[in-house]
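Subject: Structure handover

Hello,

Here is the structure I promised you. Please open it alongside this note, and my findings follow below.

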Amino acid sequence: MYAALRDRFTARVAAWARRRQGLDEPPLILQSRRLYILPTAPGLSFGLLLFVMLIAGLNYTNSLALLLTFVLAAFVLVGMHECQRTLNGLELVLAQAADCYAGTEGLVELRFVNRSAQGRRALAVRSPGTRASHFDLDAGAQITVQLPFQAMRRGRQRIERLELASTAPFGLFRCWTWLHLPLEAIVYPQPLGTRPLPRGGESRSSLESRASSPAEEEWTSLRHYQPGDSPRSIAWKAWARGAPLMVAQYQGTGGSEHLLSFAGLEGLGLDARLSQLCAWVQDCARHDAACALQLPGVELPLGRGPAHRTSLLRALALYGSGAA
Amino acid sequence: MNVPAPQTPLPVAQSPGRAAAGLGITALLVTAALNWQHLAWWCLPLLVLASALHYRATLRGQALPGTVARLGLALILTAGVLASFRTLNGLAAGTTLLAAMTAAKLFEARAVRDWYVIVGATLFLLLAACLDRQQLWRLPLYAFSLWLSVAALRGLGGGAPQGAPTLLRESARQLLYALPLAIVLFLFFPRLPGAFWSLSSDDSAITGLADQMSPGSIAQLTESDEPALRARFEAELPPVQERYWRGPVLHDFDGFTWRRHRGVPAAPNAVKFRGTAYRYSLTLEPNSHRTVVALELANPAGAPFAQFTDDFQLISRRPLTEPQAFELSSYPQAQRGGELSGEARRIDLARPEDRNPRARELALRLRASAADDDAFVVSVLNYLRDGGFVYTLAPQRLGRDSVDDLLFRTREGFCGHYASAFVDLMREGGVPARVVTGYLGGVWNPIGGYLLVRQADAHAWAEVWLAGRGWVRADPTAMVAPERLNRELLQFGAGTAGSALHLGAASHWITTLLQSWDALNAWWQDEVVGFNFARQLNLADWLGFGDRDWQTLAIALGAGMAAWLLWIAWSLRRIAGPKRPDALERAWRRIDRRVRRAGHPRAPPEGVIDYCARLARTQPAAAAALAPLARRYALLRYGPPVPAAELRAFGLEARRFRFPRG
């Protein structure tokens, strides 16, 4: 009951702010018009403390107690202004969202620049429903912040609203703003499926043996781990030595060719089929195998490499949305 | 254009930085120490111990005590407070309880939330100290404690932990910003004329006059330089011999101790206020007996704040737990009382039958040889003057029959001894008499423009009832030790203040220093501590707001706050807003504006030299005019530092640049 009311209220406020502020386009300088500020829970308690102090001072007509109360109250008010100043004039120069797989956390990248002569502290930015990324910005510094968002469903996902907040300098007030950026992430289907990779026409490789034991013996190069890579292909030994997460890439499968066909997956639902195709695309990319994709109405020719892989995954992500 | 340096994001901090915790603990200890006068003896050691344990645990990463241990500790501490004070009520017990619980909180302080609680408790302890004591010398200590507390609070706001110097510096700056608003609020926030409720006062140990007197029990009277009252006279000062400040009047004597009489019967005590009137404003330090100690004899007509008793005391309607100011007028030559009721006569003739038998003998002997009451008074005073009595502040103790002991054995004492003996003799001789306590004297402070009466000026004298003349003051101490009265005269004449007397005349500057300090204290007491609703209204009046009521205060308050808000917004913008372009940048922007208006704008990423090159293709004349300026700009911007005069010269030339037409 209470939660439902609160959600409805939050949605109302969000819609109001969206109407009021319009769509934001980086580069963007935060103006006071769009900054909101409210006391936090410790702030409310502190207000209560000040009120009790005021009553005590008034009751005992004690000037010194009143002076103390007034100094503290003014001090907190200065803090409130300072809190608002933390966001006011902050510049957002870049915002982009990376593609990701459904059911995982995608990443949004934001770059902020502080052109003022004063540092900005205790900033936090987050997309609704996920954890915040915290950062400080010294005078004249810039920062690239990555923040997770929850990728729910395959297709285009708009990240409607980000919240940028600060509790500096006391944590008694929280100043925030909503950013309505033109952020759109393409969410690939979840890579799931148990069916074996279909053998392409004139494949010469020993794909099965690779798939069954992708030992670390014959990899030719390492590249950085990306979400969606199979844990089996991770170079764990290198990681254990302190290197970042790397993925081993194998030689020798380069010759194989696979036709990944939507129509060939009978007995599965739409999403299951796309998930299976997605898993296959990953497999092919992992083994640097050439592959082609056939979806009803969409055909992608044979190819290999990261760009090809991305175009396949995007085709899968956007299949059926009418904007392939 | 300067390229901002990149920074990396932070992990989320759950606990405050070490600096914030250190500041919080220091603030707590300092504030608790400022409450030392009413905390239980074990409270400060407990806090120190708790801080030490907290540090040890956090430094070594040890676990803090569990819930059961903490609950047990809280119960033990509550029991400790009960054992020390027999109550949890009142300022002393409440403060001790708060300090003890904060000490217990230190055992579990990890999260930011716990530290908010600790800082809040510290601020409350500071409030308790402010409620209890308001002397000027404490002000810097209170300010220091406040500074530490808010610096700790600043460390709780999140972000990367900051060092203590940064926290202290930033909060000092913030306090300076806060001060003007605090002053506006202090002056105009409407005060209440009275209290809605009062705590039971447990502060009865105030030095100075008490409401009883047993001179026989005192072996050493310590002279205290603490101020008792200050009086600012509108016109001339009363003469030295008239500076009797009347405090509690004592009627009941059991042979050893004098006490006030509860419920003196209401009898018509017509006082004729005549002779010279002295109008003055009196600032009275706190006392426990509620007497407004005023120059004899204060006219109650102008004193609605007090009740005028039949023995001419002004009893304040409110407890005098803090310094207060009163406007009074006194008539030293007033005639006191017309008729004495039977009941009043009985009270002021009462004398324990079985005590002081030798004094009774003496009184009867002197009485027999005196013609009337007046002559009897004179003969007793003469007896005290000629009897070889000595004035001393370190007399021998007296026995149960204190008057006999004084008159026939020790023969030494101070004002209380002689007043007691004199009144006892008077009563035995059939003259109604009573002891009046108060102060005698007062030192002129030329810097503050007031008469200062110190606790050391405490005095006791007597009043006797003489038919036809009413109550007449008799000061037996003056008979024994005339110099006791002359001392004030000497001090007044030499222009020295209290404790500087024994430093000699050479230390004139010390005297000035002491007087300045006391004058500063007086100002603090009158203008700051004593600032109240009435003063607020006077202030509103003085500012020319016309009506003396709440609304004018509210208007003044609103105007002051609005002015402060504007000021704070402006000054913070200056600090936190975008950097102001430097002189060179401003000069070139002026050129940019001109070329833009002429229809040949410079593209944002284009350098000035490149721009000139591009301009030369379409507008050779303009480019020729601009090229030297652009080269100088580049040299000034990227070359070695140059004197400011050169920058100014460039600014002037940039100002003179016009885009050539055609």
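A residue counts as buried if 20 or more other C-beta atoms lie within 10 Å of its own, as exposed if 12 or fewer do, and as partly exposed in between. Keep in mind that this is a predicted model.

Start with Glu412(B). It has 17 other C-beta atoms within 10 Å, so Glu412(B) is partly exposed. Its place is in strand 15 of chain B, residues 412–413. Beyond its neighbours within four places in sequence, Glu412(B) is in contact with Phe389(B), Val390(B), Thr392(B), Pro395(B) and Gln396(B). Ala394(B) lies 18 residues from Glu412(B) in sequence, and 8.7 Å from it in space, C-alpha to C-alpha.

Now chain A. Helix 2 (residues 41–59) and helix 3 (residues 63–87) of chain A have axes that come within 8 Å and cross at roughly 155°. An angle over 145 degrees counts as roughly antiparallel, and therefore helix 2 and helix 3 of chain A are roughly antiparallel to each other. Their crossing is left-handed. Residues making the contact include Phe46(A) and Leu50(A) of helix 2 and Leu72(A) and Val76(A) of helix 3. By class, this contact has eleven nonpolar, two polar and no charged residues.

Last, the cores. The largest nonpolar core has 142 residues, and Leu68(A), Tyr188(A) and Leu127(B) are among those with the most contacts inside it. Helix 3 of chain A gives the most to this core, with 15 residues. Another core, of 41 residues, lies apart from it and includes Val249(B) and Cys415(B).

Best wishes

Conventions
Residues numbered from 1 in each chain as written. Chains lettered and ligands numbered in written order. Predicted model: local features only at pLDDT ≥ 70, side-chain atom pairs only at ≥ 80, totals over all residues. Helix = DSSP H or I, 4+ residues; strand = E, 2+ residues; numbered from the N terminus. Contact = placed C-beta atoms within 7 Å. Axes fitted to C-alpha atoms, helices over the stretch in contact; angles between N-to-C directions. Parallel < 35°, antiparallel > 145°, perpendicular 65-115°, else oblique. Left-handed = near helix turned anticlockwise from the far one by under 90°. Nonpolar A, V, L, I, M, F, W, Y, C, P; charged D, E, K, R; others polar. Core = buried A, V, L, I, M, F, W, Y, C linked by C-beta atoms within 7 Å.
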